[in-house]
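Q: Let us read this fold one feature at a time. Can we begin where a helix ends?

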Amino acid sequence: MKKPLVIIFMFIGIFLAPHYVFAGGAYTYDILPGQTPSDKKPIIGVTLPYTIKDGETLLDVAKDLRLGYSEVVNANPEVDPWIPPGGAEIILPTEYILPEVIGEGIVINLPEMRLYYFFKAGSIRMVRIFSIGIGREGFGTPPGNYKITAKVKDPVWHVPESARKEDPEMPRFVPPGPENPLGGYWLQLSIKGYGIHGTNKPYGVGRRVSRGCIRMYQEDIESLFDSVKIGTKIVILNSPIKVALKSGDVFLEVHKNINGDTKGLLKAAISIIKKKGLLRLVDIDLLKQVVKDAKGLPVAITKTH
């Protein structure tokens with residue numbers, strides 16, 4: 001099922017948007033030298049249709065295409081994630097408003113459960129986008145500014161005491177291998193006990209399942225591990241609202257809060273749009289609907305008259 005999708009992405013990359021390519025689950029874009037969210041390309045990517053196979057769940061779709069489970073479910077609220085009808089067409093959430101923080105390094109936005117890796121290829125600034133899993137309730141991933149302090153291949157998992165209290169039968173450490181929940185790679189953050197790593201449970205990507213660390217698909221963490229250096233800057237955000245101006249239209253991208261609700265998002269969206277001086281252009285009823293839906297997709301909310 002992967003090959004047809006890759007062909008679709010290649011087709012679009014060649015004929016519609018030559019500055020980005022689908023790279024086996026990660027999405028890579030040329031964002032132009034000096035690019036900022038208010039410049040000419042604040043929105044990157046395109047949404048694509050996908051046809052559900054018989055017996056396939058949205059969890060399967062997310063894993064097979066290396067997208068996050070929650071982002072696929074939120075983009076398709078009318079579809080039962082566990083028993084979607086075969087032949088149903090869904091939307092793949094592969095269009096994004098760039099986060100406000102742009103520079104070389106890593107930006108993680110917790111509500112959208114995505115990691116943005118900004119880098120240079122020669123003189124061209126690029127970004128790669130990965131789906132991630134984050135900390136579960138009681139083990140939140142802390143927002144802030146950090147950096148990578150160590151890179152470890154085939155890490156040993158030193159089981160936290162909190163985990164051993166929950167399950168006294170757990171060992172004190174787990175060696176590298178299929179039972180190791182860190183997968184094959186570990187990027188240590190400059191905050192004790194937190195890192196970016198792989199996983200032996202890929203269905204957890206796009207969900208709140210970790211003890212605060214950032215989980216990635218094995219193929220994605222391997223790519224990121226090879227690309228980043230010790231000292232790479234990391235910014236972790238809690239930004240459920242993203243706004244962009246493109247070709248005179250105001251676009252709004254709304255994600256549910258980390259706890260899964262939409263409380264306070266309408267007020268936050270209006271405040272952000274107002275600070276950008278764009279409120280006069282906005283259809284307020286449409287803005288309210290986009291916030292209520294919280295599909296995680298960029299939607300134009302400009303007045304039509």
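This is a predicted model: local features need pLDDT of at least 70, side-chain atom pairs count only at pLDDT 80 or more; totals for chains, interfaces and linings use all residues.

Q: What lies at the start of H7?
A: Look for a polar contact (a pair of N or O atoms within 3.5 Å; within protein, one must be able to donate a hydrogen and the other to accept it, and residues adjacent in sequence count only if both atoms are side-chain atoms). Here a side-chain oxygen of Asp283 comes to within 3.1 Å of the backbone nitrogen of Asp285.

Q: Which residues of H7 are buried?
A: Buried means under 20% relative accessible area, exposed over 50%, partly exposed in between (1.4 Å probe, protein chains only). In H7 (residues 284-293), Leu287, Val290 and Val291 are buried. These three cover an arc of only 100° around the axis, which puts them on the same side of H7. The arc is that of the directions from the helix axis to the C-beta atoms.

Q: What covers the buried residues of H7?
A: Contact means heavy atoms within 4.5 Å. The cover includes strand E20 (249-254), helix H6 (265-275) and strand E21 (299-300).

Q: How do the helices lie on the strands there, and at what angle does H7 run to E20?
A: Axes are lines fitted to C-alpha atoms, for helices over the stretch in contact, and angles run from 0 to 180 degrees between N-to-C directions. H7 lies across E20 and E21, at about 25° to E20. H6 lies across E19 and E20, at about 35° to E19.

Q: What is the strand order in that open sheet?
A: Two strands pair if DSSP finds at least two bridges between them. The order of the three strands is E19-E20-E21, with antiparallel pairing. Strand E19 (241-246) and E21 stand at the edges with a single partner strand each, so one side of each has no neighbour in the sheet. E20 and E21 are joined by two bridges. Phe251 is opposite Ala300 in E21.

Q: How many residues of strand E7 are buried?
A: Five of the five residues of E7 (residues 105-109) are buried, so the rest of the structure largely encloses this strand. Its pairings have both senses. E7 and strand E8 (residues 114-121) run antiparallel, joined by five bridges. Asn109 stands opposite Arg114 in E8. E7 and strand E18 (residues 233-237) pair in the parallel sense over four bridges. Ile106 has Ile234 in E18 as its bridge partner.

Q: Is Thr94 buried or exposed?
A: Thr94 sits in the loop between strand E5 (89-92) and strand E6 (95-97). Its relative accessibility is 1%, so Thr94 counts as buried. A polar atom of its side chain lies 2.6 Å from the backbone oxygen of Val46.

Q: Which residues does Val152 contact beyond four places in sequence?
A: They are Gly184, Tyr185, Trp186 and Phe225. Val152 is in strand E11 (residues 144-153). At 33% relative accessibility, Val152 counts as partly exposed. Val152 and Tyr185 are 33 residues apart in sequence, yet 5.9 Å apart in space, C-alpha to C-alpha.

Q: Where is pLDDT below 50?
A: pLDDT is the predictor's confidence in each residue, from 0 to 100. The protein has a mean of 84, and 84% of its residues reach 70 or more. Over residues 1-25 pLDDT is below 50, and this stretch has 41 contacts in the model beyond near neighbours in sequence. Residues 32-40 also stay under 50.

Conventions. Residues are numbered from 1 along each chain as its sequence is written. Side-chain values use heavy atoms; hydrogens and water are left out.
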